[in-house]
Structures are given as C-alpha cells and as structure tokens.
Protein chains: 2
Amino acid sequence: MTERGNPINSPPPSPRPRVVIVGAGFGGLNAAVQLRRAPVEVVVIDRRNYHLFQPLLYQVATGLLSPAQIATPIRHILSRQKNASVLMERVIGIDRVRREVVTDMSRVPFDYLIIATGARHHYFGHESWETIAPGLKKIDEATEIRARILTAFELAEAGDDDEQRRRLLTFAVIGAGPTGVEMAGAIAELARHAMTGDFRRIDPARARILLIEAGDRVLTSFPPELSEKAMRQLEGLGVEVMLRNAVTACDEDGLTLSGGERIACSSIVWAAGVMASPAAKWLGETTDRAGRVPIGPDLSLMDDPAIFVIGDTAAVTDAKGQVVPGVAPAAKQMGRYVAKVIRNRLAGRSTPAFVYRDWGNLATIGRKAAVADFGYIRLSGLLAWLAWSFAHIWFLIGFRNRLLVLVDWAWAYFTYDRGARLITGR
Amino acid sequence: MTERGNPINSPPPSPRPRVVIVGAGFGGLNAAVQLRRAPVEVVVIDRRNYHLFQPLLYQVATGLLSPAQIATPIRHILSRQKNASVLMERVIGIDRVRREVVTDMSRVPFDYLIIATGARHHYFGHESWETIAPGLKKIDEATEIRARILTAFELAEAGDDDEQRRRLLTFAVIGAGPTGVEMAGAIAELARHAMTGDFRRIDPARARILLIEAGDRVLTSFPPELSEKAMRQLEGLGVEVMLRNAVTACDEDGLTLSGGERIACSSIVWAAGVMASPAAKWLGETTDRAGRVPIGPDLSLMDDPAIFVIGDTAAVTDAKGQVVPGVAPAAKQMGRYVAKVIRNRLAGRSTPAFVYRDWGNLATIGRKAAVADFGYIRLSGLLAWLAWSFAHIWFLIGFRNRLLVLVDWAWAYFTYDRGARLITGR
C-alpha cells in the first residue's frame with residue numbers, strides 16, 4: 001500500500017498530534033483553517049460532503065438561490081491545506097477511554113477533539129410534528145419546503161374548491177426569531193412579486209402568510225424598538241404577525257392555536273426552537289435544557305482538557321459574563337479560539353479565557369427591509385438591508401459563490417424573478 | 001366563484017377552441033409559444049413545474065451546473081402569454097370519445113391535442129437494471145448520479161481495501177451515443193482536473209472511466225471520420241473506450257460484458273437506448289419497436305386529424321423521405337409546425353407536409369473537445385467545441401440562465417472548479 005508507484009497510496013503514519021474536528025460548519029471549519037500552520041494533523045469528519053452557509057437556507061426554500069450557491073465541498077475548501085484531511089462519515093459515538101471517534105465506517109484516533117456539530121430543530125415534545133412542519137437546517141429540508149410551497153400554488157390553480165384553495169394558499173411560519181422573520185418575508189415576496197402573472201385562475205398575491213409567535217414581540221434578541229420596526233416592515237410586505245399565540249396542534253390540514261383558533265393551511269415551517277446535537281450523549285456529559293454541553297473558560301470539557309465543544313453545541317458564558325448566542329459569528333470565533341488554544345498548548349503557552357466579540361445583530365425581512373443592532377447604532381429599512389446584504393455576501397465562503405449570489409440577487413432585485421423555483425425530489 | 005372581487009376567480013368559459021399540449025419539453029413549449037397570437041385557448045399539462053434543458057443534464061450529473069441553471073418554471077416562460085395556462089398534473093390517459101385528457105386530478109377537454117411527452121430510457125428487457133444503472137433524463141436522476149459518483153470518491157478515500165478502492169474508482173457509461181460520450185468525458189474531467197488536490201489517500205486522476213459500446217464506433221449518427229476523432233479525444237481525456245462490447249449483466253458490484261469479462265465498478269450510467277413515452281397506450285395506437293406512434297405528413301394521427309404527436313414520441317419520415325431524429329431541434333421544429341397547422345386550419349388554409357431542416361449535429365466530449373457535422377463542413381476539437389458552447393448557451397431558455405451558465409462555464413474553464421459538487425437527497 002505504501003510503495004511508490006502504487007496507484008492508490010496511504011500517507012505514512014504521522015508523528016504529529018492529531019486534531020479531529022467533528023462537523024464542518026462555521027465553527028469546525030474555522031478551527032481547521034486556523035490550524036493550517038500548526039504542527040498537527042487535522043482530520044475533519046462530516047456526514048455531508050459540503051459546508052453549508054445556513055443563514056441563507058431560507059432563500060433556497062423560497063426559490064431565490066440554488067443549493068450549490070450556498071454550499072461548497074469541504075474538500076475543496078481545505079484542498080490546499082496539506083495538514084488537513086476530510087472524511088465523509090457519520091459519527092455515532094466517542095470512545096473517551098481509547099481516544100477514538102467512532103463513525104459508521106471506522107474508528108478515528110484523536111489527541112485533541114473539537115466537537116462542532118451544531119443544533120437541530122426542537123419540537124418541545126411534539127417530535128411527530130417534524131414531517132408536517134419541517135425546519136430549516138439542511139439542504140434537503142429547504143428543497144422540501146420549496147416543493148411544498150410551490151406545489152400548494154399549483155394545486156390551488158388546478159382545483160375548483162374555494163375552501164381548499166384558501167387552505168392551500170395559507171402558509172404558516174411558527175416562531176418569529178430571525179429565521180422565522182426571514183422565511184415569512186421571503187414567502188410574502190415570492191407570492192406578491194415573483195409569481196405575478198404566472199397563474200390564470202388564482203392570484204398568488206392573495207396568499208395569506210402567517211407568522212405565529214408565542215412571545216409578545218418578534219425578534220426578541222433585538223431591542224424592542226427594532227422588533228417594532230421589523231413588525232411594521234413585515235406587515236408592509238403583507239405578513240400577518242400573530243403574537244402571544246402558541247401552537248397546540250399541527251396536522252396535514254392545518255394548526256390550532258393556544259386560544260383555540262383553528263387555521264387551515266397547507267405549508268407549515270418550523271422556526272420555533274433548536275436543540276443541540278447529541279454530542280453530550282456521545283461524551284457522557286450532562287447538558288442544559290437546550291441539550292448543550294457546559295464547558296470551561298477555554299471551551300474544553302471540565303474533566304478533559306483535550307476535548308473542546310464549540311458553536312451551537314456548547315453552553316458558554318464568556319470571561320466577561322456574556323452568554324454567547326447561537327449565531328454564526330460566535331461559532332466562528334469559538335473555532336478560531338480553540339485552534340489558538342491548541343497551538344499555544346503545543347508551544348507550552350497558556351491562552352486567556354474566551355471572550356465573545358459581539359459585532360452586532362442583523363435580521364433581514366425582505367427587499368430593502370431589515371433591522372440591524374450594532375449596540376451604539378440601530379438601523380432599520382434600506383440601510384440595515386444593505387448592511388445585511390454586504391455582510392452575507394462577504395462571508396459566503398469562496399469567491400465564486402459570492403459572484404454567483406451577487407448576480408442572482410442583483411437579478412432578483414431588479415426583476416423580482418426567482419430562478420430556482422423548481423419542484424424536485426418527489 | 002366568478003363575480004368580480006372574489007379573491008380566487010376562475011376565468012369565464014372560453015368560446016375559443018382549446019389546444020391541450022401534454023409535455024413542456026422542446027416540442028410542447030415551442031408549439032405553445034407559436035400559438036400565442038392564434039384564436040385558441042392553450043393548456044399546457046406537465047407533471048413537472050419546469051421545462052428542462054435536457055442536453056445539459058450531464059453537467060448537473062458531474063457537478064458543473066445546478067439544476068436551476070438548466071430548468072425554468074413553465075409558468076414563468078408562458079407568464080405573459082395570456083391565452084396560455086399551465087397545469088401541473090400527471091396524465092394517465094386520453095378519452096378519445098369524450099375528447100378529454102385524463103390526469104391524476106382532473107379531466108381536461110380538448111379540441112386539438114398535441115402529445116409531446118418525449119422518451120425515457122430503454123433497458124431492452126432488463127428493466128431491473130434501472131436502479132443500478134440509472135439514465136439521464138430527469139433532474140432527480142442527474143442528482144442521484146452526481147451523488148453516486150461523488151460518494152464513490154468519498155468511500156475510496158475512507159476505506160483501506162485496495163480491491164474495493166479500485167472498484168469504487170471505476171465508472172462505467174453504457175452506450176456511446178452523444179449522451180454517453182458527453183457523460184464519460186465529463187466524469188474524466190471531474191476526476192482528472194476538478195478534484196486535483198482534494199484527497200489525501202487516493203489520487204482521483206487514477207480513476208478508470210469506461211465507455212462501453214456494442215457497436216463498432218462511437219457516435220454512430222456522425223460520419224465515421226468524426227467518430228474516429230471523437231474516440232481519440234476521449235482517449236486523450238483518459239476514457240477507455242470499449243467497442244463491440246455488449247453488457248450482459250449489471251449488479252451492485254459491477255457488470256459483465258458479452259465476451260464474459262467481469263468488471264468491478266461502483267457507478268454505472270445508462271445511455272444505451274430510449275423508448276418513447278407511453279402515449280401510444282393512452283391513444284390505443286400501435287407503435288414501432290421504439291414505442292413511437294406513426295403519424296401522417298402533418299404530424300397528426302392517421303385516423304384523427306385533431307390529435308398531433310411530436311418529438312421523441314413520434315415516428316416521422318418527412319416529406320423529403322428523411323427519418324427525423326430524436327433530437328431537440330427536431331422536436332422544436334415539429335412543435336412550431338403543428339402550431340402552424342392549427343392556425344392554418346382555423347383560417348381555412350392547408351399546410352404543406354412537414355419537412356425536417358437538419359442544421360447539423362454536435363457532440364461535446366470535454367474542454368476544447370467536440371465534433372460537429374454540418375454536412376458540408378465537419379469540425380472537431382476547439383472549433384467544434386466553440387460551436388457547441390455557442391449553440392447551447394444560445395438555446396438555453398431565459399436570459400438569466402444564459403448569463404449564469406456563462407459565468408459558471410467561464411469559471412470552470414479557467415479554474416477547472418466544479419461548484420455544484422454536492423451529495424444531497426439521501
């Protein structure tokens with residue numbers, strides 16, 4: 001296997017310590033890249049072959065972008081990083097005694113381990129709702145939601161029954177955090193602008209888009225004044241925001257609100273809660289209510305300094321007492337930080353405790369509609385939207401994706417056209 | 001339902017004759033568009049919501065293009081054509097007595113009927129091979145083939161067994177017509193160029209790509225000298241062309257050739273034969289060996305002048321005695337022709353019999369590699385490839401798609417990068 005000239009070679013065993021990173025999201029990938037010059041061997045394990053730019057997944061779900069525009073093969077990103085290799089395998093456990101990650105295909109020994117496996121939806125005990133009200137974490141979920149929304153318009157055009165049509169053209173988004181707000185706004189724009197003229201028997205602009213929130217305002221992570229502005233922008237787009245309404249039942253025909261109101265609807269999107277990945281179970285650690293693993297000031301386990309947990313899987317209060325939010329910038333900062341901790345340890349240096357740098361909070365609602373909270377300055381409307389667009393294009397990994405997304409966004413901006421309106425996969 | 005102000009209106013019943021078009025491929029769509037000023041109501045029925053530019057599907061299957069770049073919503077194409085409406089329904093039969101198209105959801109009355117339902121793969125009695133060796137007619141088939149090819153490289157990188165690796169890195173394309181040649185060339189470019197540097201344990205450039213053909217040359221629809229040139233260009237890309245070899249068995253582990261040779265391989269693509277759609281069965285008509293319906297000089301049924309069959313579903317010998325080939329330009333010409341026949345009939349005019357205009361024959365093999373037969377002039381290599389690229393961009397429906405495909409192709413040309421290398425849908 002190792003002689004020269006053999007068509008398929010394995011590399012010689014490495015004497016360098018091996019850092020295994022589970023999960024190639026924002027946290028894992030940033031850790032891997034920041035270890036590029038460290039005297040370590042990096043192994044990135046992910047069950048997908050791509051890194052996904054999750055914040056734009058709602059644009060795939062509403063036909064504005066194609067999956068390939070927000071996803072890049074992990075191998076390709078790490079192609080030139082000679083100390084890194086990538087395994088597309090599904091992790092099923094961690095053997096802390098033998099220091100191995102156990103996958104569906106192999107056992108991967110580690111000296112340092114970085115768990116960056118993110119979060120999934122949380123249905124608060126109603127797990128059976130998942131098929132009826134899918135969330136928005138994976139490409140396949142986005143294309144499924146896209147197919148459901150587009151199929152609802154098709155069935156409404158084909159059918160004759162008025163009541164059925166009203167049900168088909170009612171779309172509900174549950175949860176008014178950033179994802180729910182973005183999703184509701186994007187469905188409204190799809191119905192009111194992109195589809196203009198496409199139908200003969202229905203008027204897609206008459207579709208009802210409901211944003212249902214149990215709390216008393218949208219975007220609770222923002223200051224109340226921006227929640228108010230976001231709500232007005234949503235209503236301007238034609239979204240009906242229903243505050244102080246919990247969902248008590250969800251089925252094929254619609255949903256029931258805590259007040260007892262029954263709403264017939266065809267497509268439901270879940271954006272109401274997340275639960276950390278099952279990493280705690282692999283590690284045998286206790287978790288907080290959201291399934292997250294409590295970690296120390298350097299983001300390693302209290303009882304095992306060689307195992308780090310970062311991103312949405314970690315419950316972190318930083319050295320300044322800030323609770324670190326489950327957002328992409330926080331995951332990136334944690335990824336870079338643990339890479340530094342490992343580099344310092346190998347060099348015999350210590351590292352100051354992790355401090356989260358809050359660059360601000362952005363949420364988009366639609367064309368020229370967004371809110372931005374930079375602490376000292378708060379924006380809404382066009383300026384916030386420009387800030388959001390700039391930040392998202394900037395951070396999309398890979399120049400090519402930036403260019404293609406820019407072309408698509410510019411096209412959609414001027415024409416309201418949505419090119420990826422395909423019903424596939426059924 | 002019909003009063004003004006009702007949110008969901010049906011149009012008033014039309015006194016105009018209704019032309020129902022089944023299938024929104026090249027033939028059906030061209031017929032619909034050419035009827036835009038005719039005094040008819042046009043109804044296009046397709047089970048998909050998009051028109052697919054099938055000639056570029058192999059680029060989706062090899063990660064160069066995204067599905068949305070070669071597909072456009074049918075509604076969007078016909079959005080401004082006020083006499084046209086679109087139904088996304090699956091046709092299951094035709095009631096010739098009551099003059100209705102029967103779908104899974106409704107019955108659609110017609111005065112004129114245009115059947116343009118294309119062709120599917122034909123396994124010559126080995127229909128069980130379909131799951132092992134999928135063909136390349138639908139988006140879902142292309143993304144499935146893409147996932148299989150990319151997964152094979154991933155498994156080869158993860159595994160340790162040399163024999164298994166060799167099997168995983170052997171790709172077979174069965175049938176050396178234009179689709180098979182394009183597909184084999186594209187897999188070779190993916191393995192030899194796009195993936196350079198992405199793997200650590202395997203060298204993707206060592207992958208074997210086999211193009212298996214029962215006949216004695218590739219591209220039998222071209223003159224022998226161009227077949228010869230295409231074969232040399234394929235070999236230059238590293239494709240092993242195996243002529244005079246029929247496949248006698250196909251399973252999960254590989255395939256067996258007529259000479260008895262057994263080839264272990266992981267991914268098999270079927271490009272060896274097509275069979276017309278089941279339209280003949282709906283119509284109760286007899287067919288030729290390829291399942292095609294024999295039609296008269298004006299492309300209508302011999303016993304029913306109001307029912308037309310066009311494209312790959314029709315067996316046509318034109319007024320000049322040419323057998324019309326199953327290619328996109330022929331389908332388009334037939335679509336435009338039957339629209340003219342209907343317009344003329346409504347105006348009380350007759351129409352000369354259909355004549356196929358052969359603009360030439362193009363097949364691409366890879367970067368700067370193609371063959372072109374324009375009858376009086378035959379090209380191969382760079383010039384043929386430029387002609388092919390120009391023709392395909394030109395005919396891609398929609399300016400936006402042209403622009404995005406151009407950006408993607410230009411990017412891929414200069415960098416060998418393939419942006420859509422995603423394994424999704426599993």
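**Entry 1: confidence**

What is the mean pLDDT of chain A, and what share of its residues reach 70 or more? I began here because this is a predicted model, and I found a mean pLDDT of 91 for chain A, with 96% of its residues at 70 or more. Where pLDDT is low, the predicted coordinates should not be read in detail. For the complex as a whole, I wrote down the predictor's ipTM of 0.86 and its pTM of 0.89.

**Entry 2: how the two chains are related**

Which rotation superposes chain B on chain A? I found that a rotation of 180 degrees, with 0.0 Å of shift along its axis, places chain B on chain A with an RMSD of 0.0 Å. That is the relation of a two-fold axis. I also checked the surfaces, and the same surface serves both copies, since 100% of the contact residues of chain B recur in chain A.

**Entry 3: where the chains touch**

How many residues of chain B are in contact with chain A? I noted 51 residues of chain B in contact with 52 residues of chain A. Among the elements of chain B that give two or more residues to this side are the strands β4 (71-73) and β5 (84-88), together with the helices α4 (139-158) and α11 (399-415). Sorting the residues on the side of chain B that touches chain A by class, I recorded 24 nonpolar, twelve polar and 15 charged.

**Entry 4: α6 and α7 in chain A**

Next I turned to helix packing inside chain A, where the axes of α6 (residues 178-194) and α7 (residues 224-237) come within 9 Å and cross at roughly 25 degrees. Angles under 35 degrees count as roughly parallel, and α6(A) and α7(A) are therefore roughly parallel to each other. Their crossing is left-handed. On the α6(A) side I listed A:V181, A:A184, A:G185, A:A188 and A:E189, which meet A:A230, A:L234 and A:L237 in α7(A). By class, the contact of α6(A) with α7(A) holds six nonpolar, one polar and one charged residues.

**Entry 5: α6 and α7 in chain B**

I looked up the corresponding helices in chain B, and found that α6 (residues 178-194) and α7 (residues 224-237) of chain B pack at an angle of about 25 degrees with their axes 9 Å apart. α6(B) and α7(B) are therefore roughly parallel to each other, and α6(B) passes α7(B) in a left-handed crossing. The residues making this contact include B:V181 and B:E189 of α6(B) and B:L234 of α7(B).

**Entry 6: α1 and α9 in chain A**

Is the crossing of α1(A) and α9(A) left-handed or right-handed? I first noted that helix α1 (residues 26-34) and helix α9 (residues 328-346) of chain A pack at an angle of about 30 degrees, with their axes 7 Å apart. The crossing of α1(A) and α9(A) is right-handed. Among the residues that make the contact are A:F26, A:L29 and A:Q34 of α1(A), along with A:A328, A:M334 and A:K340 of α9(A). The residues of the contact of α1(A) with α9(A) divide into eight nonpolar, five polar and three charged.

Definitions and conventions
Residues are numbered from 1 along each chain as its sequence is written. Chains are lettered from A and ligands numbered from 1 in the order in which they are written. This is a predicted model: local features need pLDDT of at least 70, side-chain atom pairs count only at pLDDT 80 or more; totals for chains, interfaces and linings use all residues. pLDDT is the predictor's confidence in each residue, from 0 to 100. Axes are lines fitted to C-alpha atoms, for helices over the stretch in contact, and angles run from 0 to 180 degrees between N-to-C directions. Helices (H or I, at least four residues) and strands (E, at least two) are DSSP runs, numbered from the N terminus. Angles under 35 degrees count as roughly parallel, over 145 as roughly antiparallel, 65 to 115 as roughly perpendicular and the rest as oblique. A crossing is left-handed if the near helix is turned anticlockwise from the far one by less than a right angle, and right-handed if clockwise. Two residues are in contact if their C-beta atoms, placed from the backbone, lie within 7 Å. Ala, Val, Leu, Ile, Met, Phe, Trp, Tyr, Cys and Pro count as nonpolar, Asp, Glu, Lys and Arg as charged, and the others, Gly among them, as polar. Copies are superposed by least squares on the C-alpha atoms of residues with pLDDT of at least 70 in both.
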